[in-house]
Amino acid sequence: VDLCMGTVDFTQNIKDTVSEPYRTYIDHKNEYAVPAANFDINTNKTTIKPKDVYGSTFDGQLKFVIIRNDGFTRQFEIDSTKKWDDNTGIELDGDWGGVTITVGFAFQFTYTFSQFLIKKQADDGTQTSEDVGRLQLRRAWVNYQDSGAFTVKVFVGNREGNSYTMAGAPVNAQDAILGHLTLPTGQFRFPCQGSAT
């Protein structure tokens, strides 16, 4: 049984590799220079094998991710009846020979907010949380910067409520250009009817 443990640094404005266009959160992140020999001129496809990148294979239904330095991102998932092995690879259209990409495995990232409390400011400028009584919430919002799509799930008590998706930049955004990276900044509002607990 293999056990992998890692840490994530959330420091702003840093990159882990030279080739990544922005900070990407993927597991087993690595730079990989695609060999010219991986391109098949007959099929016009380039093959990349995780075994060639890492020197070993991985069990489980991992989602293999590649990121080009212009922001192009693709995610590949192996068939549920198979495992990644020495011969399992992904195919990309075109000649990627000599291109350095960032590769890794996707993982699910979840953030849970702590309980919302009313803040009171004292005369001396200090702030305290008011935790007496019942705080009823109607809506909340998340400020985001240079973000891709994300989903907010609202739990009411012990049951899961509705899901609200921020789908990324709208199609008609002024800076949205087909084939180019668009990471919007703004505020995403969503309803959360219920007690702050």
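Trainee: Which residues form the covered face of strand β6 (residues 90-93)?
Mentor: This is a predicted model, in which local features need pLDDT of at least 70, side-chain atom pairs count only at pLDDT 80 or more, and totals for chains, interfaces and linings use all residues. Residues are numbered from 1 along each chain as its sequence is written, and side-chain values use heavy atoms, with hydrogens and water left out. Strands here are DSSP runs of E with at least two residues, numbered from the N terminus. In β6 the uncovered face holds E91 and D93, and the covered face holds I90 and L92.

Trainee: In β6, what is the bridge partner of T46?
Mentor: Two strands pair if DSSP finds at least two bridges between them. β3 and β6 pair in the antiparallel sense over 4 bridges. Strand β3 (residues 45-48) has T46 and I48 on its covered face, with K45 and T47 on the uncovered one. I48 has I90 as its bridge partner in β6, and for T46 the partner is L92.

Trainee: Which residue takes a positive phi in the hairpin of β2 and β3?
Mentor: Strand β2 (residues 39-40) pairs with β3 in the antiparallel sense over 2 bridges. F39 stands opposite T46 in β3. The hairpin has 4 residues between the strands, and the one with a positive phi near 60° is N44.

Trainee: How many salt bridges are there?
Mentor: Side chains of opposite charge can pair when their charged atoms come close. The rule applied here asks for a side-chain nitrogen of Lys or Arg within 4 Å of a carboxyl oxygen of Asp or Glu. By this rule the count is 6.

Trainee: How many residues apart in sequence are the parts that K29 and D16 tie together?
Mentor: K29 and D16 form a salt bridge, with their closest N and O atoms 2.7 Å apart. K29 lies in strand β1 (residues 27-33), whereas D16 is in the segment before β1, so the parts tied together are 13 residues apart.

Trainee: Is R23 buried or exposed?
Mentor: R23 sits in the segment before β1. Its contacts (heavy atoms within 4.5 Å), not counting residues up to four places away in sequence, are D9, T11, I14, K15, D16 and K29. The R23 side chain also makes a polar contact with the side chain of D16 at 3.0 Å (a pair of N or O atoms within 3.5 Å; within protein, one must be able to donate a hydrogen and the other to accept it, and residues adjacent in sequence count only if both atoms are side-chain atoms). At 17% relative accessibility, R23 counts as buried.

Trainee: What is the relative accessible area of E130?
Mentor: E130 forms a salt bridge with K120, the closest N and O atoms being 3.0 Å apart. The pair links distant parts of the chain, with K120 in strand β8 (residues 118-121) and E130 in strand β9 (residues 127-130), 10 residues apart. K120 is partly exposed at 43%, and E130 is partly exposed at 26%.

Definitions and conventions. Buried means under 20% relative accessible area, exposed over 50%, partly exposed in between (1.4 Å probe, protein chains only).
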